[in-house]
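Subject: A structure for you to explore

Hello! Here is the structure I promised to pass on. Have it open while you read, and I will walk you through what turned up.

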Amino acid sequence: MENYLYIPVNSLNFNNILSSESISPQIFYEKRGYGFKRFEKSNINSFTNSILVYNKIPITHDIKSDREEFIFYLAVPSNLIKKETQKHNLNNFEIFQLDYTLYINSVECFFITRTKNESLKLIASTNRSIEVKNVDNYEKNLKSLEEYKFEKDNFNYDLLEKISDFKNYNHDQIVFDRKVNKIKGFVYGYLSGHLNELPKEILKAKLFYQEFINTYSLLSNELSTTVNQKNNYYQKGKNKEIEGYYDKLQELIDNISLLLDIYDASSIENNVVEDFNFDIDTLKDFKKYNSKKLKKSLYQILLDLFKDSNLESLSIEELLNYLISQSKRFSQNTSIINYNSLEAKFNLVRGIIYQKFNEIELANSNCEKINELPFEYDVKKMTINLKSKELEQNELFLYNLILKEFLSLEELSTADEIGQRRLNILATIGKLSTESKVFEKDSEDIKYLRKLYDSLKTIGIGFKINDTESVALQSLACFLNRYSDFEKLTDYMMKNNVSKNSFVMGIWGAAYGFSNTSKLVLAPLFRNNDILIEAIQLSNNIATSQPIYENTLYKFVSELERNTIFNTYTIKSEISIVKEPLSDKLDKKDEFLEIIISNKKLRGNDEWIKIINDCFKLVDKEIRSGELFDSSNAKLDLFIEKLIVKAKETKGFGDAKINEAIDEYSKFLKIK
């Protein structure tokens, strides 16, 4: 069996470890100047200047605490332990004492909990931290002592009295860790940006869509004032204003439709034809015959019925037109109930369109295989440069000069620090670029940097990002203007037609370092396993001077499974996200509850689950009491109405969670 070693860790450190993909002695977190500042000791790993690593899993008693904490284990290949590491042979244990950082990866390393219940708690805890990364890949290999027969033994705490902590901490390792953090941040940031580069048509469509949302919100506010409004003169003025909003919205829909023509393939007509198995002649007949009473073709009547129960089948253009039609229908019958229903439909449609844009982006992002990573690095000197073929030689030299400046600021890692030092950073880059003859002293590029400096120093001074054709300078300007908020940065880039995400995100990663870079920034890389493996190989080579062996974990787990007799366990959970095994036939309310519990985006908070389930029960109750028509559309409207009210009263239950719950309920209605 492949040789693995085990590090017992307090569960409060799980997010900390995954934010940097490393584990260090406790003192490092106070001294290193980036990432989490605290590391919780455990009763079996209680030293300040060193970590204890065991040759088999030491079984200990529970942690006595008022907090939700327990022991779990980090499993690492033995080749990660340096040969000179101090070793203690005590009773049945071989214990290694490290004064350095262990860099982990999702290819070779994995986590072990005592129970499956504790595995769920660990994963649920990651929802609370924006810095936690690559969770899905680590979750795939998460094991429990309940399920597998690991080599383990009861641990006698008296053994620790025979081991002394090191008198001093390893300062050289902390300096090294800072360099690794910066370099890994640049590599992962650049690759994520590259994978997230989209065609300009999609970027423009997203801008028009955001303008549509803003305009529709203004329209919605105007519509809300028409409820119970009896003043005809006042109403006439309102109607003129409302018509102006409709004209603007239609113009935006036309623009979005034109831009997404080749990207958004979904269409309600295609779905209707497919669902009803129409041939061409039948379709023509349905379009030809009209209902005199409704003044619509039979086909249009069918479409209207299909839309209400199949919103997910509509294209983005059709969804936006659906919102317009619902708004106009509201104007014919204004009431508070109808307005709340309109608002609920707006939130539902926003959620569906959000998912559709995600699908379009995933399908059309820059996901081609990178045959060779565009970096050259020196492990001994701890330096890295970009060698992109997209930039001319002079431009590439400038970008690497900018990169070098951010990498040299090893303790720079927070938005506040970047904000305080960005003018100095810009001045240094300007000075270095003239000294290295990249620019002449009075060149247009130097003037561009001066304008950027003045605009950052004094609010209100005009600055146009496209006043230069230099990709390196545009990337620098984007970052320094919107360094503190990733979403605002991406919006700023879209509005200024800066589509080369890789260069901007490379600067972002170099500035913040890997540990402090949000999982939102790096998500595209963690979704692309092939390029992620290459990035892991590179960063691991820099951090440990060792290659990654992709079959190490596979061999270990395969033999572990052969040595394990699998049992079926019933886990008594202390929290509501874990349930007893269910019988084959579930009650409707239990079936829906199980769907919510299994949703990764919702299961991290018991209060959210309770709210969603309560809304489900209220809808079910009103149906049974005869207060509501028993149709899927009516159920969904009432569910949305009740959910929005309750969600507004709950901290952290925002639009994304609301839309996720609505999506699950919509799917449930179809299943049922």
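Predicted model: local features only at pLDDT ≥ 70, side-chain atom pairs only at ≥ 80, totals over all residues.

**The chain as a whole**

The chain has 25 helices and 15 strands. Of its 672 residues, 52% count as buried. Take the contacts between residues at least 6 apart in sequence: 75% of them join residues at least 24 apart. You will find 0 disulfides in the structure. As for cysteines, C109 is buried, at a relative accessible area of 1%, and C615 is buried too, at 0%.

**Aromatic rings**

A search of the whole structure gives 37 aromatic pairs. One of them joins F479 and W508 in an edge-to-face arrangement, with 5.9 Å from centre to centre and 80 degrees between the planes. F479 belongs to helix α16 and W508 to helix α18 (residues 501-516), so this pair ties together parts that are 29 residues apart in sequence. F479 has 0% relative accessibility and counts as buried; W508 is buried as well, with a relative accessible area of 5%.

Y665 and F668 are 3 residues apart in helix α25 (residues 655-671), which means they are separated by about one helical turn. An α-helix has 3.6 residues a turn, so residues three or four places apart point the same way. The rings of Y665 and F668 form a stacked pair, 6.4 Å centre to centre with 20 degrees between the planes. Y665 counts as buried at 2% relative accessibility, and F668 counts as buried at 2%.

Ring pairs also build a cluster, which links Y4, Y6, F110, Y148, F150 and F556. Two lysines are worth a look next to rings: K82 lies over the face of Y100, 4.4 Å from the ring centre, and K184 lies over the face of F514, 4.1 Å from the ring centre.

**Three helices to look at**

Helix α6 (residues 200-224) has 25 residues, and its first and last C-alpha atoms are 36 Å apart, close to the 36 Å expected at 1.5 Å a residue. Its buried residues include I202, L203, Y209, F212, I213, Y216 and L219.

Among the buried residues of α11 are I316, L319, L320, Y322, L323 and F330.

S475 is part of helix α16 (residues 471-481). With 1% relative accessibility, S475 counts as buried. What does its side chain reach, and at what distance? The side chain of S475 reaches the backbone oxygen of V471, at 2.7 Å. Leaving aside neighbours within four places in sequence, S475 is in contact with F503, V504 and I507. The C-alpha atoms of S475 and G506 are 9.2 Å apart, although 31 residues separate them along the chain.

N134 is found in a loop, between α3 (116-125) and α4 (135-140). It counts as buried, at 5% relative accessibility. The side chain of N134 makes a polar contact with the side chain of S106, at 3.1 Å. Not counting residues up to four places away in sequence, N134 touches E21, S106, F526 and L532.

Enjoy exploring!

Notes. Residues numbered from 1 in each chain as written. Heavy atoms only, no water. Disulfide = S-S within 2.5 Å. Buried < 20%, exposed > 50% of the residue type's maximum accessible area, 1.4 Å probe, protein only. Helix = DSSP H or I, 4+ residues; strand = E, 2+ residues; numbered from the N terminus. Polar contact = N/O pair within 3.5 Å; in protein donor to acceptor, adjacent residues only side chain to side chain. Contact = heavy atoms within 4.5 Å. Expected span 1.5 Å × (residues − 1). Phe/Tyr/Trp six-rings, centres within 6.5 Å; stacked < 30°, edge-to-face > 60°. Lys NZ or Arg CZ within 6 Å of the ring centre and 35° of its normal.
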